[in-house]
Amino acid sequence: MAAKKKATGRKKAAGRSTGKKATRKKATKKKATKKKATKKKSTGKKPVKKKAAKKKPAVKKAARKVKRAVKKLARKPAVRQVKRAVRKVGKKIEKATRKPAARRAGKKLEQAKRKVRQAVRRTPLIGGRRFERALALGRPPTVRRLFPNSRALIVGGKYIDRAMLRRGQAIALAANARNSFVIRGVLQAAQRARAAVIIEIARSEGGTGAYCAVNLWNLARQVDAVANELGITVPVAVHADHYGIKKWSDVAVARLEIPSLFEQGVTSIAIDASHLREDENVLANLELAPLVPSWAGLETEVGEIKGSQGLSTREDALYHIRALNAHGVFADWIALNNGTTHGIQASDQGIQVELTAEIHAALEPYRVSGAQHGTSGNNTERLRQIARRTRTTKANVATALQMLSWGLEVNDYGNAQLDEQGRFIKVPGEGVSEEMWARMVAYAEQQGWQGGSYKKLNLPFENLLLAQPQPVRQRMAKRVENFCYRLMTEVFNSADTAELVIEEILERGSHDAGPKVERLEDPAEWTEPKLREKARALGGDRGPSGDYDD
């Protein structure tokens with residue numbers, strides 16, 4: 001009986017639950033019919049969808065620009081870390097572009113671009129397949145023979161020039177390595193900036209009558225050793241700067257020396273016969289150019305560097321380049337006397353931008369780039385103008401780097417400052433130790449050296465400087481590094497050009513970048529008698545004679 005009562009109770013409870021479900025269904029049906037009724041009461045037109053707010057044109061334009069930049073950066077051979085950073089920043093950009101306020105969005109986009117650049121710069125070039133291929137293809141045969149197991153990307157000077165032209169309005173820093181601390185500092189700056197760079201030494205600095213311990217025959221070995229020690233992976237050219245021909249008899253000596261420079265790892269040279277008459281300048285270049293390998297950078301010079309006197313002219317430069325072109329010599333760079341001097345500058349207004357631009361425009365058919373000499377101590381804004389308004393792709397910096405490594409006070413342009421007695425000012429705790437500087441000053445006074453002649457301290461003091469404690473040696477190189485990094489990133493616009501050199505090498509598939517131009521002049525019009533006759537017609541002011549060494 002009890003079991004039957006329990007069963008009937010369960011059935012009643014089930015009946016109540018099904019009843020509740022039925023009432024709920026009826027209620028939902030009623031709601032649906034009400035909605036239909038309201039729809040019928042409406043006009044019968046389709047509901048109008050709200051239009052999405054249009055993006056402001058400024059934001060759209062900025063977004064497109066940054067997207068292109070991000071895509072371009074994403075194609076770089078940077079490792080996974082950079083690709084992840086690019087994707088992450090890309091998402092932020094997408095989010096930023098959806099905001100209506102153009103100003104806010106623009107700021108966010110700029111921040112995103114900076115983050116991408118920083119991420120790319122933080123990622124080392126080494127390890128990428130493109131770098132490995134460039135290392136295999138881009139090093140000249142002489143460099144491969146000298147350093148068969150090296151990881152340093154020492155390239156022909158032509159490739160540095162091509163990368164600057166490819167970037168546009170960019171100049172490669174060409175650092176005169178008067179001591180080993182300059183080599184170290186410049187390479188560290190180039191790696192930080194991801195910039196292609198040139199390290200050089202002039203014949204007067206490092207030739208057979210040198211005043212520096214770093215010389216034309218050991219420069220490449222020092223560059224390669226430091227690059228491997230520090231893991232430097234940016235492309236570097238090793239340049240023989242101002243290989244001077246001051247009298248015709250120097251040509252015979254040059255015939256013996258120049259081949260030995262390339263055998264010892266030099267990858268670029270400046271044949272400077274500007275001390276001679278213009279016809280002899282051309283003839284000296286024609287004699288020596290066949291000794292320069294086709295893959296190496298070649299620089300020539302018109303007008304001895306004398307400051308505001310004996311300035312180069314459009315006619316001088318055209319005569320020189322046309323004569324070389326007629327004989328199949330295609331210089332990569334031309335150096336001019338455009339108002340600067342070597343060493344410590346009396347003024348920061350030396351470089352004449354208008355004159356330089358005029359001469360470069362006249363030479364445009366011959367595709368020769370400019371080499372700016374006497375850069376130390378010049379106004380940085382003028383150097384920026386040289387980068388923007390001329391075809392300059394190489395700028396030499398020598399004296400400033402020497403002074404910085406020693407710890408002397410320099411201005412923003414790198415010009416060493418003097419006290420009331422005309423002596424250099426040593427910055428305490430910078431560069432060499434105070435005791436070492438006192439020894440250097442005493443030695444210079446014994447020799448009767450003043451001002452620019454202090455450069456002669458490099459040779460007798462190199463080993464003494466290397467014997468200083470490690471913290472002192474490190475701060476010497478660091479001061480050079482910081483100055484050069486600022487030049488590369490803020491003045492010369494050469495940051496991130498290392499990748500452009502790699503692109504050029506991979507496109508060519510060779511260590512030889514090839515010439516930029518073909519023969520345009522008729523050799524019959526530039527025989528030696530005609531060449532001399534045309535030179536006599538030039539005239540012009542060559543300025544005062546004297547020792548205008550670099």
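These questions and answers take up a predicted model.

Q: What makes α10 (residues 219-230) a helix of about the expected span?
A: The helix has 12 residues and reaches 17 Å from its first C-alpha to its last.

Q: Why are Leu219, Ala220, Val223, Asp224, Val226 and Ala227 of α10 called buried?
A: Buried means under 20% relative accessible area. These six names in α10 are listed as buried, so each falls under that cut-off.

Q: Why do residues three or four places apart in an α-helix point the same way?
A: An α-helix has 3.6 residues a turn, so such residues point the same way.

Q: What do the buried residues of α10 pack against?
A: They pack against α8 (180-193), β2 (197-202) and β3 (236-244). Beyond the helix comes Gly231, with a positive phi near 70°.

Q: How do you know that Leu401 is in contact with Val480?
A: Contact means heavy atoms within 4.5 Å. Val480 is one of the contacts of Leu401 outside four places in sequence, so the pair has heavy atoms within 4.5 Å. Ala175, Val182, Val186, Phe483 and Cys484 are also in contact with Leu401.

Q: Why can Val186, Leu401 and Trp406 count as members of a nonpolar core?
A: A nonpolar core joins buried residues of kinds including Val, Leu and Trp through side-chain atoms within 4.5 Å. Val186, Leu401 and Trp406 have the most contacts inside the largest core, of 99 residues. Another core, of 24 residues, lies apart from that one, and includes Phe131 and Tyr159.

Definitions and conventions. Residues numbered from 1 in each chain as written. Predicted model: local features only at pLDDT ≥ 70, side-chain atom pairs only at ≥ 80, totals over all residues. Heavy atoms only, no water. Helix = DSSP H or I, 4+ residues; strand = E, 2+ residues; numbered from the N terminus. Expected span 1.5 Å × (residues − 1). Buried < 20%, exposed > 50% of the residue type's maximum accessible area, 1.4 Å probe, protein only.
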